[in-house]
Each structure stands twice: as structure tokens, then as C-alpha cells.
Amino acid sequence: MKAVILLSGGLDSSTVLYQARADGYECYAISFDYHQRHRRELQSAMSIAKSLGVVEHQLVTFDLRSWGGSALTDNSIPLPENRPLDQMSGSIPITYVPARNSIFLSFALGYAEAIGAERVYIGVNALDYSGYPDCRPDYIHAMQEVFRLGTKQGREGKPIDIIAPLINLTKIQIIQLGNRLGVPWELTWSCYTGGEHPCGVCDSCQLRWAAFHELGLKDPGV
């Protein structure tokens, strides 16, 4: 059995990769260089893929900077810093990249059908404070129908399933799951900045640090 896993190199996608292996699938990872501010995450994606021993790791490159619309693709837009956790849930943040998961899932679907995979795994999470619109259950359900209707495999009655095992988990629960699966947190990268060390003040850093802290654990990635 084969599965394609969207792998950014972050905490969530790395957990999903290890979950796919635990589910008994041969893992084919796919990562994206869209000229994001935090391209440093791609180093982690390669390290995580190697640590698991994936069958293949695809790196797809395209440039979303020409569209902009996000602090992750336009360096002139400042990243939110030092925001209280409860403030992060107030609205969709400027770090949302327009239609990013739809773009990613389209590439993953083509890859999956080409290699005869049964599943595409994605590390979206609806309980994350950011509340991105393309990380919610109704979006995943809608994309599942696209997978069914938009492929030969789907029309022949064998649609490729989208698996989002983290969608209803808190960040704390995700770390607990990753610990059980043996995810090497020290190889992962969550920070939105482009430096060699996590900034500690962006939303992603703070969410990650708070979860490890709540569990009484030191974040190995810091």
C-alpha cells in the first residue's frame, strides 16, 4: 500500500508522516518550495524524510511571491510577534497563504494517482489558534469530493482518500502522539522566520513552545 504525505518539515506534518508509516503504508513524501519566507523548513523536511526512510521524496518548486497576499510570501509584510495565544484565534492571520492547501493537494493528488497510491496524508489542524480556512473539516470534505470526481481512479470507484489524522487534535495531543510514534522533534522546524534559529516570538513558535511547556517538556528543536 502506498501513501503520499505532504511534508513541510514542521511538527504537524512530521507527525503525520510517522503516522502513515504506523498505518502500514509505503511513504512517498512531497514538499513545496514556493519561495516562502521560512524556506529553512525544507532542510527539516529532507532530514525528516531521511530519518523515516521514505521510498521517495519529491520537492516541487514554484514562486508565490509574485502573487503576495501573505506575510509568508511577501517580506514587506511584517510577521505578527509576541501575540497572546487568545488573540491568535480572533481572525485569520496575515500568515495565511491564499489557497495554499488547494495548490498543495492538487500536486499531491497528481503524484498519488501517478504512482497508484491509496491515500494522501495532510497535517491540517482545525483546533490550531490560526484558524486557517483550508485547515477545517468542511474544506477537507469538499476536497475529498474533488479527489473523487477529478481523477480516473475516483471515477472508476477507487478514489484516493485524504487522511487528516490531526484535524481534531490540540497541539498538546499532537506532541503526545508524536512522542508515541517516535518523531525526532529536534529535526523539525516550525518558525515563520527565515533564520537558522527559531525566533521564539512568531505565532508558530509560541504555539509550539506553549504546548511543550504545558506537557512539562523541553522543546528539542530549540
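Q: Which residues does L109 touch, not counting residues up to four places away in sequence?
A: L109 touches F147, T151 and I160 once residues up to four places away in sequence are left out, where contact means heavy atoms within 4.5 Å. Before going on, please note that this is a predicted model, in which local features need pLDDT of at least 70 and side-chain atom pairs count only at pLDDT 80 or more, while totals for chains, interfaces and linings use all residues. Residues are numbered from 1 along each chain as its sequence is written, and side-chain values use heavy atoms, with hydrogens and water left out.

Q: Where is L109 found, and is L109 buried or exposed?
A: L109 is found in helix α4; helices (H or I, at least four residues) and strands (E, at least two) are DSSP runs, numbered from the N terminus. L109 counts as buried, at 11% relative accessibility, where buried means under 20% relative accessible area, exposed means over 50%, and partly exposed is in between, with a 1.4 Å probe and protein chains only.

Q: What is the separation between the C-alpha atoms of L109 and I172?
A: Those two C-alpha atoms are separated by 30 Å, and L109 and I172 are 63 residues apart along the chain.

Q: Ok, now the largest nonpolar core: how many residues has it got?
A: It has 40 residues, and those with the most contacts inside it are V4, L6 and V120. A nonpolar core here is a set of buried Ala, Val, Leu, Ile, Met, Phe, Trp, Tyr and Cys residues joined through side-chain atoms within 4.5 Å. As background, nonpolar side chains tend to be buried together in soluble globular proteins.

Q: And which elements give two or more residues to this core?
A: They are β1 (2–6), β2 (26–33), α4 (100–115) and α5 (137–149), and the largest share, eight residues, comes from α4.

Q: What does V4 touch, then?
A: Leaving out residues up to four places away in sequence, V4 touches Y28, I30, A108, Y111, A112, I115, A117, R119, V120 and Y121. There is also a second, separate core of 26 residues, which includes I5, L7, Y25 and V183.

Q: Switching topic: how many disulfides does a search of the whole structure find?
A: The search finds zero disulfides, a disulfide being a pair of cysteine sulfur atoms within 2.5 Å.

Q: Which residues lie nearest the centre of the largest cavity?
A: Of the 40 residues that line it, S8, D12, R100, G123 and Y192 lie nearest its centre. α8 gives the most to this lining, with four residues.

Q: What does D203 touch in that helix region?
A: D203 is found in helix α8 and touches P80, R83, M88 and Y192, not counting residues up to four places away in sequence. D203 is buried, with a relative accessible area of 5%.

Q: Last one: what is the phi of H35?
A: H35 has a positive phi of about 60° although it is not a glycine, and H35 lies in the loop between β2 and α2. Most residues other than glycine have a negative phi.

Conventions
1 Å grid on protein atoms, 1.4 Å probe; cavity = no way out; pocket = protein on both sides within 12 Å on 5 of 7 lines; lining within 4 Å.
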